Amino acid sequence: MTDRTGLVVAGAGARGAYEAGALSVLLPRLHDLWSAPSVFVGTSAGAVNVAGLAGLAHRSPTDATDELVQRWRSVDLSGVLDLAHSLLGALSGYGSQVVPLAGPALAPLLGFLGLPDRLTSLLDTGPLEETLKPLVDWDALHANVDAGLVDAVAVVATSVSTGGTVVFVEHADGMVLPDDDALRDISYVRTRLTVRHLLASAAVPGLFEPVWLNHPPGWYVDGGLRMNTPLKPALRLGATRLGVVATTPASAVPDAPGTPDRMPDVFAVAAMGLRVVLGSGVTEDLRSLLAVNEMVRSHPGSDPRIEIPAWFAGPPADRSDDLAHLAADVLGRVRPRLRDPAVWLLDRFVGGGAVDHGELISFLLFDPEFAAAAAELGAEHARTADRHLA
């Protein structure tokens, strides 16, 4: 078996900048400890990061991650969401569905105004495709795959028609695409990756519109629904050791002190839902990996090739809300200056208590100041809390 280092990066929204910072520490470490990653697998913002790094694989780890951080710092909220149009679109689409006769009658006018006659999403992410294009050097990505410098790049999405996980893979000649996994409802599709695959992987259901892809034809949404931290696809693609980056801890978060007296509001429940969706997969999959490694080590007759060494870079369990506090702090500095009206609108739109507010905002706060601070925090966590899991 050929030894390959795999890099797995979880979904994270605007927290992708944090992941880029963590990668600035982890990637050189993987390079020095084992080898440069040649298998890249990611979901949502993690897909943006792995595609970006695959296109930078011909550069040194430090240069590549420095460039990745700078790309995140170039993104602002207006390049991701059109909040004013989101509000008008939501009112238009919902109104047309509440008053059935209005839909057909007003459809031509709504179409002329660029407004929907059905509610397909709460947010208008029309600017996002143009914003994502420069975050990845697509020509360099394809060239690195063709040259064999990168064995495989995979982007994870969820099929709307089947509800299953689809892993879109661009791989070098000589590699064999894994068989579909019927048990976990995972299918693998060889393709030439484009910005559309990144859009599909990041299309949060309800918030963002589903994305149409031609192969296989259908609508796709966020891969994080079922596989936010795609460890298994990385292993199926031939990785024998892993670097893993996420914005949630690899171990269970300690219980919060006390129980709130009041019923949690919708924002508190939404924040909890995000923590569960994004965090449970990291925790459970890494626990399973650790259990297998421990079994191999405790049974002398076991095949050592079963063991999967891994490094994790992300927040320690006792600092799981650092990003929430950071987002709230950055908002406190941005708000008085009204540098970006879209940020102000987002701040007003998302409610909840201080931590819940910051938690939700941290996924949507595409802001250069937040990106810079989040990248520094990611590097700090990676230096002080990343753990060799082998």
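Rings of Phe, Tyr and Trp (for Trp, its six-membered ring) form a pair when their centres lie within 6.5 Å; planes under 30 degrees apart are stacked, over 60 edge-to-face, and the rest tilted. The model is predicted: local features need pLDDT of at least 70, side-chain atom pairs count only at pLDDT 80 or more, and totals for chains, interfaces and linings use all residues. Residues are numbered from 1 along each chain as its sequence is written, and side-chain values use heavy atoms, with hydrogens and water left out.

**Exercise 1.** Find how many aromatic pairs the whole structure holds, and classify the pair of F168 and Y220.

*Solution.*
1. A search of the whole structure gives two aromatic pairs.
2. For F168 and Y220, the centres are 5.4 Å apart and the planes at 75°, an edge-to-face pair.
3. F168 lies in strand β4 (residues 165–171) and Y220 in strand β7 (residues 217–222), so the pair ties together parts 52 residues apart in sequence; strands are DSSP runs of E, at least two residues, and helices runs of H or I, at least four, numbered from the N terminus.
4. Both F168 and Y220 are buried (under 20% relative accessible area; exposed is over 50%, partly exposed in between; 1.4 Å probe, protein chains only).

**Exercise 2.** Classify the ring pair of W212 and W219, then state the exposure of W212 and of W219.

*Solution.*
1. The ring centres of W212 and W219 are 5.3 Å apart and the planes at 75°, so this pair is edge-to-face.
2. W212 has 36% relative accessibility and counts as partly exposed.
3. W219, with a relative accessible area of 44%, is partly exposed.
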